[in-house]
Amino acid sequence: MKKRNRLIKIGHRGAKGFVLENTISSIEHAIKLGSESVEIDVYRCNSGEIVVFHDETLERLAKSNERIEDLNLAEIQEVKLKGDLYIPTLEEVIEIANGRVEINIELKGVNTAIGTFELVSKALSTENWKHGDFLISSFIQEELIKYRELDSDILIGVLSETSPIEAIAFAKKIDAYAIHPNFKYLKKSEVEKIQKEGFKVFAYTIKTTLEKQRMKKMGVDGVFCDYPGRYTILKKALRRVQVPFLNSDK
Ligand code: G3P
Ligand code: MG
């Protein structure tokens, strides 16, 4: 992640609010809207490849109760999601993104650290990617420990739904870069404490401009958003109708 003195907006699962989550189209859309960063979720499937998907099962997105981890890649590639979209591999996402956007890879499933590390390392051996273009995060501490053992430089984010302060000790232990709390439960005092301890705060997941303003006021460093670009679109519209006090956000 580049150093920025403003709120970083990370496209959640690509641009989930606009195009079906965790698909190539969703990521492309986030890039088109000017996102500098996108978040995706990954699992290791039965044949060993790392695939980009959020849920444990296919129920919500493909009306099947199969577990993603039980399927082989060939079977996953047959799955049709809404809008004739498909489940991509991490390799494909990295190849298509090609250094145009920073990627936060959330290790959603177990045994994902090694496969992800191999793909990220391959990308980093080309000139299109820099170390800071990747941020690895997870709720699963063992996966983050494994990743840190494999790469001492990679940026790591520790996900914590409700206990970001408790996450500080672990973040220190693995030399993390950021803590990622759920914005709904986050307090200003927690943001201050985490930052004082030397970590960035990236809060998930906002949908509205009001929520974004609230997070900005709280001083967080970044937000995951379902509608990346919405705020820019709104800002442009407001600029057109000249409401200057509402245009102060950078
Ligand atoms: O990584 C931030 C956010 O994606 C965590 O929650 O459930 O949307 O993966 P979830
Ligand atoms: Mg996620």
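These legends describe close-up views of a predicted model.

Residues are numbered from 1 along each chain as its sequence is written, while chains are lettered from A and ligands numbered from 1 in the order in which they are written. As the model is predicted, local features need pLDDT of at least 70 and side-chain atom pairs count only at pLDDT 80 or more, whereas totals for chains, interfaces and linings use all residues.

**View 1. The residues around ligand 1.** The shell consists of His12, Glu39, Asp41, His54, Glu106, Ser137, Leu159, His180, Tyr204, Thr205 and Phe224; a residue is near a molecule if its C-beta atom, placed from the backbone, lies within 6 Å of it. Strands β2 (37–44) and β8 (200–206) are the elements that give two or more residues to this shell. Helices (H or I, at least four residues) and strands (E, at least two) are DSSP runs, numbered from the N terminus. Sorted by class, the shell has 3 nonpolar, 5 polar and 3 charged residues. Here Ala, Val, Leu, Ile, Met, Phe, Trp, Tyr, Cys and Pro count as nonpolar, Asp, Glu, Lys and Arg as charged, and the others, Gly among them, as polar.

**View 2. The cis peptide bond in the model.** Tyr204 and Thr205 are joined by a cis peptide bond, with omega about -25°. Thr205 belongs to strand β8. Both Tyr204 and Thr205 are among the residues around ligand 1.

**View 3. Ile206 in strand β8.** Ile206 counts as buried because it has 24 C-beta neighbours inside 10 Å. The cut-offs are these: a residue is buried if 20 or more other C-beta atoms lie within 10 Å of its own, exposed if 12 or fewer, and partly exposed in between, with C-beta atoms placed from the backbone. Leaving aside neighbours within four places in sequence, Ile206 is in contact with Phe183, Glu211, Lys212, Met215, Val223 and Cys225. Two residues are in contact if their C-beta atoms, placed from the backbone, lie within 7 Å. Ile206 and His12 are 194 residues apart in sequence, yet 9.0 Å apart in space, C-alpha to C-alpha.

**View 4. Helices α5 and α6.** Two packed helices are described by the angle between their axes and the distance between the axes. Helix α5 (residues 113–124) packs with helix α6 (residues 141–150) at an angle of about 40°, and their axes are 9 Å apart. Axes are lines fitted to C-alpha atoms, for helices over the stretch in contact, and angles run from 0 to 180 degrees between N-to-C directions. The two helices are therefore oblique to each other; angles under 35 degrees count as roughly parallel, over 145 as roughly antiparallel, 65 to 115 as roughly perpendicular and the rest as oblique. The crossing of α5 past α6 is right-handed. A crossing is left-handed if the near helix is turned anticlockwise from the far one by less than a right angle, and right-handed if clockwise. On α5, Ala113, Ile114 and Phe117 meet Glu143, Lys146, Tyr147 and Leu150 of α6. This contact has 5 nonpolar, no polar and 2 charged residues.

**View 5. Helices α4 and α5.** The axes of helix α4 (residues 90–97) and α5 come within 10 Å and cross at roughly 20°. The helices α4 and α5 are therefore roughly parallel to each other. Here too the term for the crossing is right-handed, with α4 passing α5. Leu90, Glu91 and Ile94 of α4 make the contact with Thr116, Leu119 and Ala123 of α5. By class, that contact has 4 nonpolar, 1 polar and 1 charged residues.

**View 6. Positive phi at Lys63 and Asp175.** Lys63 is not a glycine, and its phi is positive, near 50°. Lys63 is found in the loop between α2 (59–62) and α3 (73–78), and it counts as exposed because it has 8 C-beta neighbours inside 10 Å. Asp175, also not a glycine, has a positive phi of about 55°. The loop that holds Asp175 runs between α7 (167–173) and β7 (178–181). With 12 C-beta neighbours inside 10 Å, Asp175 counts as exposed.

**View 7. Ser47 in the loop between β2 and β3 (50–52).** Ser47 counts as exposed, with 12 C-beta neighbours inside 10 Å. Not counting residues up to four places away in sequence, Ser47 touches Asn72 and Leu73. Ser47 and Arg148 are 101 residues apart in sequence and 24 Å apart in space, C-alpha to C-alpha.
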